[in-house]
Amino acid sequence: MTDTAVGPIRSGGTWAGAGIRITGVGHYFPERVVHNTPDAVGAEERFNAIDQAVIGRLNVKSRHVADEAETIDYMAVRAAEHALREAGRTAREIDLVIVTNWTDRQFIPEYGPTVAHELGARRALGFDLCGACAGFVHGVQSAAAMLSSPGPWRTAVVVSSEQLSRGTRPGSKGELVAGDAAGAVVLERTDGLAPTAPRLIDSVLFSDGEDARVIHARRPNGWLTSTPDLIERAIEGNLRAIELLLERNGLEIEDIDWVLIHPGTDPLHTAVQEKAGIDPDRFVVTMETRGNTSSASIPIALSELIDSGRTRPGQLYLTPAIGSGFYEGGLLFRL
């Protein structure tokens with residue numbers, strides 16, 4: 001593990017020289033908390049074979065479910081406000097607002113301009129991205145590309161806001177796993193950063209249309225439907241992202257202080273932790289109390305981890321994720 005900002009980064013990641021930092025992290029959870037009763041958790045006979053193969057052991061004791069007033073944009077604004085407070089910035093200073101969401105995708109208007117307006121970021125360009133559960137990786141990578149360009153963008157908010165509770169079939173095991181939340185980060189481009197200063201170091205994101213069949217949500221209901229081979233495909237994708245980020249930056253898994261994975265289901269993140277050889281004390285999953293919150297899962301876990309006081313300045317973070325489409329990727333950064 002690395003205890004200070006002087007770490008073992010040897011080769012330059014995609015963003016290592018771009019001077020982009022995560023300066024604030026925030027989250028929002030709906031007020032309503034739904035507890036999974038022992039009867040619900042133990043009634044395995046209720047669920048079909050695919051439910052059992054994909055979700056396995058439930059391992060979700062509670063989750064948040066948004067009410068009608070806690071819309072995608074409402075939750076996104078609350079999480080972004082939290083992140084801005086942590087960054088010591090105001091909405092007027094924001095140049096770019098990226099909202100990731102797939103669980104409530106409306107035709108028009110998009111959420112990005114609405115969130116920017118409601119946030120008070122009147123001069124910001126706002127737009128939406130998807131990427132399903134890998135949306136946060138997609139959003140940060142897209143923001144980094146724009147912040148490092150010759151354009152006018154220097155400060156961005158990336159916020160992932162999801163209502164996965166709306167995307168599961170009533171009576172399915174997935175219904176007991178899905179939660180709602182929003183998480184956000186503030187990214188800033190700072191010229192002249194020292195080589196070992198906190199920064200966004202690298203990102204990877206790949207798509208694979210051939211495996212799009214393993215999980216989908218189609219009209220008219222839009223409920224998630226999976227095939228039994230989803231878990232193996234998701235494990236492979238996460239491991240590839242982890243291995244590539246480590247290899248490109250001359251790192252071993254022991255050099256990473258915190259691994260925050262998108263926890264789709266218990267079999268998925270348990271297998272990744274074991275196969276990648278990640279110390280359980282450095283493997284952060286909030287699924288037990290938050291459920292699967294899709295693209296919001298990584299930023300809310302990061303925000304809660306920072307709030308816990310367990311982190312130290314200069315530590316390295318790796319955030320792998322997979323999403324329907326099929327996407328796999330991850331971020332490497334130092335805070």
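Modeller: Let us begin with Gly-330, which, leaving aside its neighbours within four places in sequence, is in contact (heavy atoms within 4.5 Å) with Val-137, Asp-202, Ser-203, Val-204, Ala-241, Leu-245, Thr-319 and Pro-320. This is a predicted model, in which local features need pLDDT of at least 70 and side-chain atom pairs count only at pLDDT 80 or more, while totals for chains, interfaces and linings use all residues. Residues are numbered from 1 along each chain as its sequence is written, and side-chain values use heavy atoms, with hydrogens and water left out.

Colleague: Why is Gly-330 called buried?

Modeller: Gly-330 has a relative accessible area of 0%, and buried means under 20%, whereas exposed means over 50% and partly exposed lies in between, with a 1.4 Å probe and protein chains only; Gly-330 is therefore buried. The residue belongs to strand β14 (residues 327-334), where strands are DSSP runs of E of at least two residues and helices are runs of H or I of at least four, numbered from the N terminus.

Colleague: What makes α5 largely enclosed by the rest of the structure?

Modeller: Of the 13 residues of α5, 10 are buried, so the helix is largely enclosed; among them are Phe-136, Val-137, Met-146 and Leu-147. One of the buried residues of α5 is Ala-143, whose C-alpha atom is separated by 14 Å from that of Gly-330, 187 residues apart along the chain.

Colleague: How do you know that the length of helix α5 (residues 135-147) agrees with its number of residues?

Modeller: The expected span is 1.5 Å times one less than the number of residues, which for the 13 residues of α5 should be 18 Å, and because its end C-alpha atoms are 18 Å apart, the two agree.

Colleague: Why is α6 called oblique to α7?

Modeller: The axes of α6 (residues 230-248) and α7 (residues 266-275), lines fitted to C-alpha atoms over the stretch in contact, come within 9 Å and cross at roughly 40°, with angles running from 0 to 180 degrees between N-to-C directions. Angles under 35 degrees count as roughly parallel, over 145 as roughly antiparallel, 65 to 115 as roughly perpendicular and the rest as oblique, which makes α6 oblique to α7. Their contact includes Ile-231 and Leu-239 of α6 and Leu-268 and Val-272 of α7.

Colleague: Is Val-284 buried or exposed?

Modeller: Val-284, in strand β12 (residues 283-284), has a relative accessible area of 8%, and is therefore buried.
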